[in-house]
Amino acid sequence: MNTWTDIFILVLVLADFRLLATSRLAAVIETTVLQAVALSAFMLTLAEKPWPLLLIFLSLITLTVKGAILPWLLRRAMREAGVQREIEPIIGYSASVLIGMILLGLSFIIFIPLKASVSAGSAFLLPGALFTTLTGLMMIVSRKNALTQVAGYLVMENGVYAFGAALAVEEPLLVEMGVLLDVFVAVFVMGITVYQISREFDHIDTDRLSELKD
Amino acid sequence: MLINIVLIPALLGLIALVIPWKKIRRGLLITGGITHAIIIACLAVYPKSPVASGAWIGLDSAGLLFLSITSILFLAVSVYTTGYLGREGDRKVLDSVEGFLFRNEPEAIFIACLLFFLASMSLVCISHDMGLLWVAVEATTLASAPLISFHRHHRSLEATWKYLLICSVGIALALLGNYFLAYAGHGKIHLRFDDLISGATSLDHAWLKASFLMLLVGYGTKMGLAPMHTWLPDAHSEAPSMVSALLSGALLNCAFLGIFRAHCVLTAAGLGRFSGELLVFFGMLSMAVAAAFLIRQTDYKRMLAYSSIEHMGILSLGVGIGGLAGTGAMLHAVNHSLAKGMLFLVSSHLLFIYGTKKAGDVRHALKKTPLTGVLWLVGFLAITGAPPFGLFLSEITILKGILDSGRWAVAVGYLLILAIIFIAMARIVLPMAFGLPERETSSAPPVKDYREPVWLAGPAIALAAAVLAMGLYIPAFVWKFIGQAAFIAGGN
């Protein structure tokens, strides 16, 4: 059980680095699909076999929403906005990867004092999940393209979700479903807003949305 | 029974989305507001037994208090909205700031989202589970985003984008806080309030502290606590006024309820001091930031937005101190919502008449449009805590609570900031009401009917009367009720 858990977390973390390193939006969206697959698989590895039916159901739903529907929404928004890649990120790609390495180290250090009470299956789980959350945050603050930021939000949710996945066995299904539903609607509404922004402004660079200030 | 306050507005919203008849759709909005208010009144008069164990939803005093605020405000807003849409819905209108034509969002979407917004806020108030509460708070963000972009132009889109992204990211952190809370219970305690509070002593303290930090930052973003408040002035100034009123008077309170629940859990676990100090710190910081931005403010809608940040700071401060200040904070939440709702409604009429959000261009409002001018002044006095309005009473109660707990430095800072804000807002508002009229411009002035329509004046006067009444006399049962709400977190 532990080996597979570790492998899927490793996939999650490596995917984070790809997200930090690439400028192509299509690649970013592909990588979120990869993360969704890793997430839904690793939920299963945490439980003992035979897997509870509810868990299999939750894993499948996660895969469908995060691995198929949301990427589809993002791709559609990308087409409608006519944007292929991030032009000038606020923090460059190599610098992003370097910062990512530091964040990964920090994620491990942070959990040393909290480890005592962890019931999670793998020592990498919490640092990996935190690192994914931080990667998402990085993408939101260091990129200008609105769609990359939406993808960043998705990655951040993946990280938070990984924290929850460790508890999925005990936590009630209703909440997990609610969370998924909210994320879905969030990306949907963000997609619509991006579309409206691109129609109104002819671009989706959020740093140029700067009229409102004090 | 209880879940109806969520289901009925949601259902009406769905109907509003599909039917093609304008009149009926507006009727649905009012129906939603009235039905909601009636159900709340029934719930308040015939209190049910406390929450059944194992239930997802339930109504306790704090929930009922915030629910009542939401309901009253929504009722006022729904009356206003029907009139407003009659004037501006589904047609090309002139942007009052830059003077270009644009088309508003389809009315069906707007009304549906208003009703969904009401449903999700009600769900926040009755959630009895931290997970469900999170789902509901995120739902409020999503339901209100289309409301902010009602005016489909570049400024409102910018505001919507900031709101959507900043709040979603903030709320994602709150979800992290929820999971930390589950870790604190070693994955064995469910996130229901009862279970959390009864099992609080067995929670792991390190995780619990981490969890509270995340929840505070997450819900604090939504609530508009500094320094996570940056979306708030933009959203409040660009949204139509009744949406600003709902955001300010109802939504911010709902987000606060999330923090309040977490604070209750920490208090039960014996960490009340830790969470209380954090609340005091963020409360003072928010008040100070609001004061700083109010001093040089030129836009009167942004002024109201910063004033909301100030009052959220006061709430946070009061609950953080606890005791009498906690009770005062609950009372303050009611007063602030009533006063701020009224101010936003009145500001919409100022915007309509003068066609500008610049406070410097609004002059002589008392003469030009007497009722609006008077209400604007009344609102200003109420919101800055001048007697005899409700906010005076609640701010004094909080002050007494701070003094009782022996926090002299906090008390001095609190009074100082309140004084600064009073002066800063007076400098903006008084010239708007009294200032000399502009010299008549040579071109023919636009002919406008300056009188307030009933749909505007009615709700605004009702809210003003309510906030005045809250300052003159608070019935004993209301006191008892507010005391109960604060009691959970160690108020008295």
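## Ground rules

Angles under 35 degrees count as roughly parallel, over 145 as roughly antiparallel, 65 to 115 as roughly perpendicular, and the rest as oblique. What follows is a predicted model, where local features need pLDDT of at least 70, side-chain atom pairs count only at pLDDT 80 or more, and totals for chains, interfaces and linings use all residues. Residues are numbered from 1 along each chain as its sequence is written, while chains are lettered from A and ligands numbered from 1 in the order in which they are written.

## Confidence

The complex gets an ipTM of 0.92 and a pTM of 0.94 from the predictor.

## H1 against H4 in chain B

Helices here are DSSP runs (H or I, at least four residues), numbered from the N terminus. H1(B), residues 4-18, packs on H4(B), residues 107-126, at about 170 degrees with the axes 8 Å apart; the axes are lines fitted to C-alpha atoms over the stretch in contact, and angles run from 0 to 180 degrees between N-to-C directions. The two are therefore roughly antiparallel.

Contact means C-beta atoms, placed from the backbone, within 7 Å. H1(B) brings residues including B:Ile5, B:Leu12 and B:Leu17, and H4(B) residues including B:Ile111, B:Phe116 and B:Leu123. The tally is 15 nonpolar, 2 polar and no charged (Ala, Val, Leu, Ile, Met, Phe, Trp, Tyr, Cys and Pro are nonpolar, Asp, Glu, Lys and Arg charged, and the others, Gly among them, polar).

## Where B meets A

Between the chains, 35 residues of chain B touch 35 of chain A. H6(B) hands over the largest share of chain B's side, 17 residues. That side splits into 22 nonpolar, 6 polar and 7 charged residues.

Technical notes
Two residues are in contact if their C-beta atoms, placed from the backbone, lie within 7 Å.
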